Amino acid sequence: MSGHNLHNALLRPPIIQILRAQGFHSTRPSVLETLSDLTGRYLMILASATASHAANAHPEDPVPVLEDVYQALLDAGALRPQLREWEEDWAGEEDLRGLDSLIGWITGPAHREIRRIAGFVPSEGDMVDPDAIEKEDFLTSLKKKHSKTGEESRYAGTVLGKNGEEHPIVLEGGLPSIREWSAQVRAKAPTSPVVSETSGVSSAPSHLSDDDRMEG
């Protein structure tokens, strides 16, 4: 599965859950694919903008921080309403209405309903262990749901699991590396014979007669 198809496949479940939380109970596959593609593009825009701000703001340590994410959200138009920088300077205070609106949505009933549909918030009447709530993220829960053994060994070395342990690959003949194999091949290759300039082979064209060669 290519990276694009894998990412879209991972985006489909949360998008379906968001649609369910908003009251939609069915949709066409083409609509779901379009929403997955748009969501993926939007996340790429946020990630690219965050990386750019990190590289420009602190190039000595370009690891993104919260301020870089905040600037990327501003670039993408996720924080609205929002005054421009010169308007904030003129007013003498920072405009936090867009940030407050985003935090209000995250802590509000709309986001809580999405989390309930996703299984992170218990519904009314559900019997759950309070200690087990919110200990696993969405991807971990999804992998356990689709794993017959409940282990993550099948995902080792993939983008969904931990990095696999590196093991040396022994080439045919027992050589430990491609470099040594290449050196061995070169050593065994026959050398082409070098024709001496003092050899008795004539350089005259073959179509000339013996008399013409003598006269030359």
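Me: What should I know before we start?
Reply: Residues are numbered from 1 along each chain as its sequence is written, and side-chain values use heavy atoms, with hydrogens and water left out. Since the model is predicted, local features need pLDDT of at least 70 and side-chain atom pairs count only at pLDDT 80 or more, while totals for chains, interfaces and linings use all residues.

Me: Why is the pair Glu33 and Arg12 called a salt bridge?
Reply: The term asks for a side-chain nitrogen of Lys or Arg within 4 Å of a carboxyl oxygen of Asp or Glu. The closest N and O atoms of Glu33 and Arg12 are 2.7 Å apart, so the pair passes. It links distant parts of the chain: Glu33 sits in helix 2 (residues 29–57) and Arg12 in helix 1 (residues 3–21), 21 residues apart. Helices here are DSSP runs (H or I, at least four residues), numbered from the N terminus.

Me: How many salt bridges does that rule give?
Reply: The count comes to 4.

Me: What makes Asp37 and Arg41 another one of them?
Reply: Their N to O distance is 2.8 Å, so this pair also falls within the limit. Asp37 and Arg41 are 4 residues apart in helix 2, which means about one helical turn between them.

Me: How do you know that Arg41 is exposed?
Reply: Relative accessible area decides: buried is under 20%, exposed is over 50%, and partly exposed is in between (1.4 Å probe, protein chains only). Arg41 has 53%, so it counts as exposed.

Me: What makes Thr50 buried?
Reply: Thr50, in helix 2, has a relative accessibility of 9%, so it counts as buried.

Me: Which residues is Thr50 in contact with, leaving aside its neighbours within four places in sequence?
Reply: They are Pro64, Asp68, Val69 and Ala72. Contact means heavy atoms within 4.5 Å.

Me: How far is the backbone oxygen of Leu46 from a polar atom of the Thr50 side chain?
Reply: That distance is 2.7 Å.

Methods. Helices (H or I, at least four residues) and strands (E, at least two) are DSSP runs, numbered from the N terminus. A polar contact is a pair of N or O atoms within 3.5 Å; within protein, one must be able to donate a hydrogen and the other to accept it, and residues adjacent in sequence count only if both atoms are side-chain atoms.
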